[in-house]
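Please read this briefing with the chain open beside you, and look for each place as it is named. It moves from a sheet of strands to a few single residues and then to a pair of helices.

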Amino acid sequence: MLTTLLPCLISWIVVVNNVAVTVTALNITADSPYESHSFVLLTKKQRQTLKEQARGMPSGGLSVTTTTATSAHYYKQSQALSSSSSSSSSSSPRRPYSTTTMTAKGVRTALDEVSKTGEFKRIESGYRNWIKNDPNAQFPAEKDRYHLYVSYACPWACRTLMTRGMKGLQDAISVTVVHPIWQKTRPETDEHAGWMFGTSAAEEKKAAWTNHQGNGGPFSTHYPNTEADALVGAKSIREVYESVKDTNGKYTVPILYDKKTQQIVSNESSEIIRMLNSEFNDYATNPTLDIYPEALRETIDAANEWIYPGINNGVYRCGFATTQGAYDKAVGELTEAFDRLDALLSQQRFVAGDQVTEADIRLFVTLVRFDEVYIVYFKTNTRSVTHTPSILNYCRELYQMPGVKESVQMEHIKTHYFCSHPTLNHYSIIPKGNDFLGLLEQPHNREELFPSK
């Protein structure tokens with residue numbers, strides 16, 4: 001209930017359900033030092049309580065923030081805000097202050113990484129350590145020491161699963177797969193939604209999930225091929241990061257985790273696949289496969305330079321754009337890159353030439369999601385894999401390689417995308433699709449078109 005109200009000139013300290021909050025009238029001067037301060041959401045119940053009991057405050061509306069800080073801290077902030085507004089009110093024009101919807105300070109997802117022009121700007125991964133096949137290294141390559149936290153839905157995570165499968169590292173590096181549907185990771189304190197671990201079959205009978213805004217479903221909490229976290233005992237990927245005292249605030253997969261030292265080694269997929277490729281050959285069943293051969297590195301790096309922004313991240317730039325201009329720019333660049341790929345794969349078997357490399361792994365995980373998800377969800381409907389013979393044929397060959405098919409779970413893929421971002425799909429309806437994986441099961445003739453030299 002609303003228990004405390006300390007009035008200032010234009011702001012108040014309020015305690016709602018024992019959580020310190022600031023209630024600020026929206027008529028703040030343009031020069032206020034708190035003009036752009038970030039907001040932390042109350043729980044839905046707390047917001048409703050506050051709205052119902054805070055009627056009668058000055059006109060112009062109100063904004064609400066919460067924090068784990070003490071009421072005393074907020075009282076000082078409130079005084080500073082009042083003082084600044086008072087001193088500048090005579091010379092500065094007054095304007096309405098827009099509310100902002102964010103989670104706890106520093107906590108974010110990819111949907112928050114949007115520029116002022118509406119363009120999606122992905123922030124780099126925060127953990128960039130390296131495993132080496134050297135017993136004296138900080139993180140030496142050892143069998144069953146390292147663990148991957150992944151989602152079958154996430155293309156970045158599936159890079160690592162695909163590489164692990166192709167190299168034959170299933171017995172050397174263990175894996176935990178998370179539930180595909182994002183849920184609120186700490187609903188009692190903030191609105192962050194992210195990856196959760198699945199529950200047991202027994203717990204499934206006790207409850208069902210909706211999307212994290214309360215719509216859609218019911219979705220089972222026990223999803224096929226997912227499991228509880230056996231290492232940290234976490235309920236969410238967020239808790240895995242917090243177990244290592246994370247300060248970055250973006251809780252992504254994949255995570256390459258050191259079970260011995262209980263540290264996160266890396267959460268950068270492009271670097272994890274290179275470690276799996278070169279540092280664990282002593283434990284691989286297919287050690288001769290080299291997806292980053294020295295003779296092709298310049299070609300591979302050059303391909304990654306245009307495939308990543310144009311296609312891998314290009315689909316996200318389309319889907320997460322918040323202005324028409326940002327979308328038009330992104331889809332134009334995606335279409336150009338897609339056509340460039342079509343021309344390339346019409347002339348050669350793989351991206352870097354006549355052998356499969358990391359460039360193909362990085363590309364495939366996007367292409368396999370393109371028709372079933374991105375065309376619909378991210379509005380990338382200028383092109384289609386199904387209707388581009390060279391690319392479809394190429395995808396068939398990769399999908400049918402040993403160790404690849406197991407990393408592709410279309411049910412997980414579709415369920416995650418269409419159910420985890422309610423701002424893009426309010427009721428979490430999952431489209432039927434065209435059985436794209438059925439198309440990939442059909443024979444290819446890439447080897448006949450481009451015989452090995």
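The points below are grouped by topic, and they describe a predicted model.

**The sheet and its strands**

- Strands of a sheet pair through backbone hydrogen bonds, and this pairing is either parallel or antiparallel.
- In this model, 4 strands form an open sheet in the order β8-β7-β13-β14, with mixed pairing, and the edge strands, each of which pairs on one side only, are β8 (174-177) and β14.
- From one strand to the next, the twist of this sheet averages 35°.
- Strand β7 (residues 146-150) pairs with β13 in the antiparallel sense over 4 bridges, while β13 and strand β14 (residues 263-266) are also paired in the antiparallel sense, over 3 bridges.

**The turn between β13 and β14**

- The hairpin of β13 and β14 has 4 residues between its strands, and glutamine 262 lies in this loop.
- Most residues other than glycine have a negative phi, and most peptide bonds are trans.
- Glutamine 262 has a positive phi of about 55° although it is not a glycine, and with a relative accessibility of 54% it counts as exposed.
- Serine 428, in the loop between α12 (410-420) and α13 (436-440), also has a positive phi, near 55°, but serine 428 is buried, with a relative accessible area of 5%.

- Valine 253 lies in the loop between α5 (237-243) and β13 (255-258), and it counts as buried because its relative accessibility is 5%, where the cut-off for buried is under 20%.
- A cis peptide bond, with omega about 5°, joins valine 253 to proline 254, and proline 254 is likewise found in the loop between α5 and β13.
- The C-alpha atoms of valine 253 and tyrosine 149 are separated by 6.4 Å, although the two residues are 104 residues apart along the chain.
- Leaving aside its neighbours within four places in sequence, valine 253 is in contact with several residues, including Tyr149, Cys154, Trp195 and Ile237.
- Another cis peptide bond, again with omega about 5°, joins glycine 217 and proline 218, and proline 218 lies in the loop between β11 (208-209) and β12 (219-220).

**Asparagine 267**

- Asparagine 267 is placed in the loop between β14 and α6 (269-278), and it is buried, with a relative accessible area of 5%.
- The side chain of asparagine 267 has a polar contact of 3.1 Å with the side chain of tyrosine 241, and a polar atom of the asparagine 267 side chain lies 3.0 Å from the backbone nitrogen of tyrosine 127.

**Two packed helices**

- Helix α9 (residues 324-345) and helix α11 (residues 389-399) pack at an angle of about 70°, with their axes 8 Å apart, and they are therefore roughly perpendicular to each other, since angles of 65 to 115 degrees count as such.
- The contact is made by Phe338, Leu341, Asp342 and Leu345 of α9, together with Ser390, Ile391 and Tyr394 of α11, and by class it has 5 nonpolar, 1 polar and 1 charged residues.

Key. Residues numbered from 1 in each chain as written. Predicted model: local features only at pLDDT ≥ 70, side-chain atom pairs only at ≥ 80, totals over all residues. Heavy atoms only, no water. Buried < 20%, exposed > 50% of the residue type's maximum accessible area, 1.4 Å probe, protein only. Contact = heavy atoms within 4.5 Å. Pairing = 2+ DSSP bridges. Axes fitted to C-alpha atoms, helices over the stretch in contact; angles between N-to-C directions. Parallel < 35°, antiparallel > 145°, perpendicular 65-115°, else oblique. Nonpolar A, V, L, I, M, F, W, Y, C, P; charged D, E, K, R; others polar. Polar contact = N/O pair within 3.5 Å; in protein donor to acceptor, adjacent residues only side chain to side chain.
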